[in-house]
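This briefing concerns the helical packing and the nonpolar cores of the structure shown below.

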Amino acid sequence: MTTTATRPGGARARAAIAAKTLRTDNWRLAPLITVVGLGGWVAYATVRVFMHKWYWVDEYHYLTPFYSPCITDRCVPEAAHFGTYLPGWWVVPEAAFSLPFLLLFRLTCYYYRKAYYRSFWASPPACAVPDGHKTYSGETRFPLIFQNAHRYAFYAAGIISVINTYDAILAFHSPEGFGFGLGNVILVLNVVMLWAYTLSCHSCRHIAGGRLKHFSRHPVRYRFWTFVSKLNVRHMQLAWITLGTLALTDFYIMALAAGWFGDLRFIN
C-alpha cells in the first residue's frame, strides 16, 4: 500500500513506495549473463596469455592476436615480426606491447563501462533499480577518472588493429608460397570485426565530426562520420562479437599449433 503526500498549495508529491523497485521482469538475468560472459572470457584470455606456447603455426604463418606483436626473447624468430625487446620472464606476456592498451581501450569503452558497472559493481544493476552503493561520485575521482583516457586508448587500438591486419595478410604467404585455408578466413574475419568495433567507438565518431559546425564544408569527414555513426549503433553487438572472434581465432591457432587437428586448406 502506498501513500501520497500533499504539498502546500494542493500539489501532490511523489508516492512513498517502500519497495526497492516496481519492476516485475527478471532484471537480474542481464547482469548475470554479463558476469558469466565477461568473466569466462577474461579467464580464458588470462590462461592463454600466460601459457607461452601454441601461438604460432609455422606451416601457414598463423599468429594468434593474443600474442601479437610477439616481442619477448621467448618468441620464435618467425613470429617476432617487429623484433624482441623484452626478457622472456614468465610474468611478461609475449604481447606486452599491445595487451595493456587493448585492455585500457576495452575497460574505458562506453559500452563496457555500462556492462561492468551494472554486472560487477551493481551501480546500478538495471534501469529503475537502486544503486548498490550509498554514495556516487561519478568518474571524477581515482580510479574512475582514468575513464577519460578512452580517446588515447582508441589511438593505440587503431595502431594495434593495423598490426593485426598485417598479421592476417602475412598469413597468406606460407613457406611454400601463397596459401589459403580456413585459418586465413578466421584471421580476416577477426580483423574485419576488430576494425568495425574500433571504428564504431564513440570517440572515433566524435573525432570524425564532433566539432564540425558545417558538414557542407567538410564532405569527406561528413561521409566518414555518417559511416561511423551507422557502426556506432551496433557498438554493443560488435563489442561482444569481437570477444567471440578473438577467442575463436586464438583457439583455432592454438589447436593447430598443438597438433589437435590440421588446417582445412583450399590452396597450398
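The buried residues of α3 are covered by elements that include α1 (29–49), α2 (99–108), α4, α5 and α8. The model is a predicted one.

- The buried residues of α3 are Y111, Y112, R113, A115, Y116, Y117 and S119.

**Nonpolar cores**

- The largest nonpolar core has 23 residues, and those touching the most other members are F105, Y111, Y112, Y197 and C204.
- At least two residues of this core come from each of α3 (110–119), α4 (150–170), α5 (182–199), α7 (219–232) and α8 (235–258).
- The most is given by α3, which contributes five residues to this core.
- Another core, of 12 residues, lies apart from the largest one; Y55, W56, C75 and L246 are among its members.
- In soluble globular proteins, nonpolar side chains tend to be buried together.

**Surroundings of C204**

- Leaving aside residues up to four places away in sequence, C204 touches F154, T198, L199, F224 and V228.
- C204 also takes part in the contact of α6 with α7 and in that of α4 with α6.

**Contact of α6 with α7**

- The axes of α6 (residues 202–209) and α7 come within 8 Å and cross at roughly 160°.
- Because angles over 145 degrees count as roughly antiparallel, this crossing makes α6 roughly antiparallel to α7.
- The crossing of α6 and α7 is left-handed.
- On the α6 side, the contact is made by H202, C204, R205, I207, A208 and G209, which meet R221, F224, W225, V228, S229 and N232 of α7.
- By class, the residues of the contact of α6 with α7 comprise six nonpolar, four polar and two charged.

**Contact of α4 with α6**

- For α4 and α6, the axes come within 9 Å and cross at roughly 90°.
- The two helices α4 and α6 are therefore roughly perpendicular to each other.
- From α4, the residues H150, R151, F154 and Y155 take part, and from α6, S203, C204, H206 and I207.
- The contact of α4 with α6 has four nonpolar, three polar and one charged residues.

Definitions and conventions. Residues are numbered from 1 along each chain as its sequence is written. This is a predicted model: local features need pLDDT of at least 70, side-chain atom pairs count only at pLDDT 80 or more; totals for chains, interfaces and linings use all residues. Side-chain values use heavy atoms; hydrogens and water are left out. A nonpolar core is a set of buried Ala, Val, Leu, Ile, Met, Phe, Trp, Tyr and Cys residues joined through side-chain atoms within 4.5 Å. Buried means under 20% relative accessible area, exposed over 50%, partly exposed in between (1.4 Å probe, protein chains only). Helices (H or I, at least four residues) and strands (E, at least two) are DSSP runs, numbered from the N terminus. Contact means heavy atoms within 4.5 Å. Axes are lines fitted to C-alpha atoms, for helices over the stretch in contact, and angles run from 0 to 180 degrees between N-to-C directions. Angles under 35 degrees count as roughly parallel, over 145 as roughly antiparallel, 65 to 115 as roughly perpendicular and the rest as oblique. A crossing is left-handed if the near helix is turned anticlockwise from the far one by less than a right angle, and right-handed if clockwise. Ala, Val, Leu, Ile, Met, Phe, Trp, Tyr, Cys and Pro count as nonpolar, Asp, Glu, Lys and Arg as charged, and the others, Gly among them, as polar.
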